[in-house]
Amino acid sequence: MEDKPRTMFVKLLAAVFYGLTSFFIVVVNKSVLTGYRFPSSICVGIGQMIATVVVLWVGKAARVISFPDFDESILRKTFPLPLLYVGNQITGLFGTKRLNLPMFTVLRRFSILFTMMAEGFLLKKKYSRSVQLTVFTMILGAFIAASADMSFDLQGYVFILLNDVLTAANGAYVKQKLDAKELGKYGLLYYNALFMITPTVLLVHVTGDMQKAIEYEGWSDVFFLTQFILSCIMGFILMYSTVLCTQYNSALTTTIVGCVKNVLVTYIGMVFGGDYIFSWTNFIGLNISIAASLVYSYVTFTEEQSSKASESTKLDIKGKVVV
């Protein structure tokens with residue numbers, strides 16, 4: 001009996017850890033790129049890649065985690081994930097920099113639509129009418145909010161929609177690679193980051209972003225430096241908290257926690273973000289999208305529970321027939 005409350009506590013702790021980490025990385029990235037006006041989103045991405053490689057390498061050296069050593073087959077086993085990884089990371093950072101937090105959060109919900117389309121096309125997966133309706137309402141709310149976005153930024157919208165497409169593609173390929181059980185989750189993350197560090201460094205050198213980052217005047221600011229380092233290591237911590245939450249709970253719980261986190265980011269961004277311009281149409285659109293996301297979480301949760309109950313009933317019937 002004592003184990004049950006302990007297990008529930010561990011599950012709750014894992015979910016809270018993921019929610020806080022997911023919330024914190026958005027806020028820190030926004031502070032670094034918009035609050036402190038750091039000139040290069042790509043350099044932040046490089047910092048996150050380097051931190052990921054170092055942490056995972058140390059973890060493997062200490063035998064805390066394991067993944068395959070490098071050989072000539074690794075590139076084939078990871079492709080095209082490294083390209084999707086860096087594209088997803090950089091477009092997300094660019095979007096964070098150019099959009100206010102409420103619009104960033106709402107436009108990120110297009111990733112759910114794109115994921116549904118990808119799974120329907122590639123995996124022939126079917127979705128219930130309720131799920132389709134809630135996702136449609138989320139997107140409708142996003143369109144209403146965007147129609148009256150007083151701080152509209154075309155580049156920001158393009159980057160975040162590209163980020164949504166890359167998120168959906170990355171999720172589908174990660175699932176495919178994990179199902180193959182060749183590299184494992186740590187191996188995929190390690191080699192994705194490792195392979196893209198050099199090309200990304202060359203990119204920032206060519207574009208002049210590296211020089212802008214070096215000449216940035218805020219390096220002597222302790223508060224900025226602390227947040228920059230936090231931003232670099234939070235990418236790995238977010239991945240770890242996601243795995244932990246999924247391990248102790250379920251992928252569905254992780255999704256629901258993410259939706260609740262997005263609600264908090266939206267409202268906190270309105271008050272404290274500093275770049276949100278209020279209008280009633282935009283506010284109503286945001287709230288329609290938020291309400292739909294909460295209903296989406298409820299619908300997917302109840303459908304999952306019904307599916308589990310149905311499978312359990314079938315197993316009980318089979319057991320009785322065998323007896």
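User: Which element gives the most to the lining of the second largest pocket?

Analyst: That's H1, with six residues in the lining. Bear in mind that this is a predicted model.

User: Which elements give two or more residues to the lining of that second largest pocket, and which residues line it?

Analyst: The lining residues are Leu-12, Ala-15, Val-16, Gly-19, Leu-20, Phe-23, Val-257, Val-260, Lys-261 and Leu-264. The elements giving two or more of them are helix H1 (3-35) and helix H12 (251-272).

User: How do the residues of the lining divide by class?

Analyst: Eight are nonpolar, one is polar and one is charged.

User: And how much space lies in the second largest pocket?

Analyst: About 170 Å³.

User: Switching to packing: at roughly what angle do H2 and H9 cross?

Analyst: Helix H2 (residues 41-61) and helix H9 (residues 184-207) cross at roughly 145°, and their axes come within 9 Å.

User: Is the crossing of H2 and H9 left-handed or right-handed?

Analyst: The H2 and H9 crossing is left-handed.

User: Which residues make the contact?

Analyst: From H2, you have Ile-42, Cys-43, Ile-46, Met-49, Ile-50, Thr-52, Val-53, Leu-56 and Trp-57. H9 brings Tyr-186, Leu-189, Tyr-190, Ala-193, Leu-194, Met-196, Ile-197, Thr-200, Val-201, Leu-203 and Val-204.

User: What about classes in the contact of H2 with H9?

Analyst: There are 18 nonpolar residues and two polar ones in that contact, with no charged residues.

User: Last topic, confidence. What pLDDT does the protein chain average?

Analyst: The chain averages 80, and 85% of the residues score at least 70.

User: Where does pLDDT stay under 50?

Analyst: That happens over residues 319-323. For those residues the model has zero contacts beyond four places in sequence.

Terms used:
Residues are numbered from 1 along each chain as its sequence is written. This is a predicted model: local features need pLDDT of at least 70, side-chain atom pairs count only at pLDDT 80 or more; totals for chains, interfaces and linings use all residues. Side-chain values use heavy atoms; hydrogens and water are left out. On a 1 Å grid over the protein atoms alone, a cavity is a set of points where a 1.4 Å probe fits but cannot get out, and a pocket is an open set with protein on both sides within 12 Å along at least five of seven lines; lining residues have an atom within 4 Å of a point. Grid points are joined across faces, edges and corners, and a volume is the space filled by probe spheres set on the points. Helices (H or I, at least four residues) and strands (E, at least two) are DSSP runs, numbered from the N terminus. Ala, Val, Leu, Ile, Met, Phe, Trp, Tyr, Cys and Pro count as nonpolar, Asp, Glu, Lys and Arg as charged, and the others, Gly among them, as polar. Axes are lines fitted to C-alpha atoms, for helices over the stretch in contact, and angles run from 0 to 180 degrees between N-to-C directions. A crossing is left-handed if the near helix is turned anticlockwise from the far one by less than a right angle, and right-handed if clockwise. Contact means heavy atoms within 4.5 Å. pLDDT is the predictor's confidence in each residue, from 0 to 100.
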